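Let's take a walk through this model together.

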Amino acid sequence: VNAFNYMAMGSYPYPSGYLVHGDGVLPAYPMRVACQFLDERGLGHLRGDPGDVPLVLLAAMRKAVGVFYNYSKALPCLDPITGDANHTDVVDELWDYLSCTSMPFPSGMDGIQDMFWDEPWNATAYSERCRQVWGVEVRALWPAVMWGGQEVFGHASNIVFSNGGLDPWKVGGVLSSSSKSVVPVLIPEVGHHMDLMFSSQLDPVEVIRARTVERDHIQLWCGEA
């Protein structure tokens, strides 16, 4: 699952090393590259012996997750624990501690609305794991207590919330607002905060427009200060 999460976040229209911490480069829109191994182009030959299907599917999945876990294309044997992308484990640990202490982010899978196995969110099991791993109690309502929840944005001011249309984190983002100075910006066809990256000649026009909105509002707020 982690490979697909990272590849979806890395939905940029050009090769990027951002999500592999500069240690290598993922291809443009890596999720689309991975899916080529799992669609009809990659599995069109499954019409043969039914007994071959499991091995063919396994090989296709290996190639798909290998877009992330073996981005160097140098690993003869793929181990997601020690593959090219194992340095993201440090980031995962930091996020895990943050989630356990102050920013829980419930997520689950059902195998119906997604392509993964059935694993619904289990708050009890999650809380127990946080106790065992970090020795802390989950503060499920802390974001609402600390920042007021999404309802506060009707009374907030001077914020631009940008979200990439292909970023999995979009589901937890602010996509609408009743305040004129709380501005949601949805950037279609890109992943995780591409608008905050350095400019590139390959930037889509939607990203350029998002940066213009952000810059214009910052200049407006500074002028009002």
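Start with asparagine 158, which sits in the loop between helix 7 (142–147) and strand 1 (159–164). Helices here are DSSP runs of H or I with at least four residues, strands are runs of E with at least two, and both are numbered from the N terminus. Asparagine 158 isn't a glycine, yet its phi is positive, at about 60°. Asparagine 158 has a relative accessible area of 35%, so it counts as partly exposed (buried is under 20%, exposed is over 50%, and partly exposed is in between, with a 1.4 Å probe and protein chains only).

A quick word on ground rules: this is a predicted model, so local features need pLDDT of at least 70 and side-chain atom pairs count only at pLDDT 80 or more, while totals for chains, interfaces and linings use all residues. Residues are numbered from 1 along each chain as its sequence is written, and side-chain values use heavy atoms, with hydrogens and water left out.

Tyrosine 29 is another non-glycine residue with a positive phi, near 45°. Look for tyrosine 29 in the loop between helix 1 and helix 2 (30–35). With 15% relative accessibility, tyrosine 29 counts as buried.

Now zoom out. The protein has 8 helices and 2 strands, and along the sequence they run α-α-α-α-α-α-α-β-β-α. Its C-alpha atoms fill a box of roughly 70 × 50 × 35 Å along the principal axes. Of the 225 residues, 32% are buried.

Finally, how do helix 1 and helix 4 pack? Helix 1 (residues 2–9) meets helix 4 (residues 53–69) at an angle of about 55°, and their axes are 9 Å apart (axes are lines fitted to C-alpha atoms, for helices over the stretch in contact, and angles run from 0 to 180 degrees between N-to-C directions). That makes helix 1 oblique to helix 4; under 35 degrees would be roughly parallel, over 145 roughly antiparallel, 65 to 115 roughly perpendicular, and the rest is oblique. On the helix 1 side, the contact (heavy atoms within 4.5 Å) is made by Asn2, Ala3, Phe4, Tyr6 and Met7. Helix 4 brings Met61, Ala64, Val65, Val67, Phe68 and Tyr69. By class, that contact has 10 nonpolar, 1 polar and no charged residues (Ala, Val, Leu, Ile, Met, Phe, Trp, Tyr, Cys and Pro count as nonpolar, Asp, Glu, Lys and Arg as charged, and the others, Gly among them, as polar).
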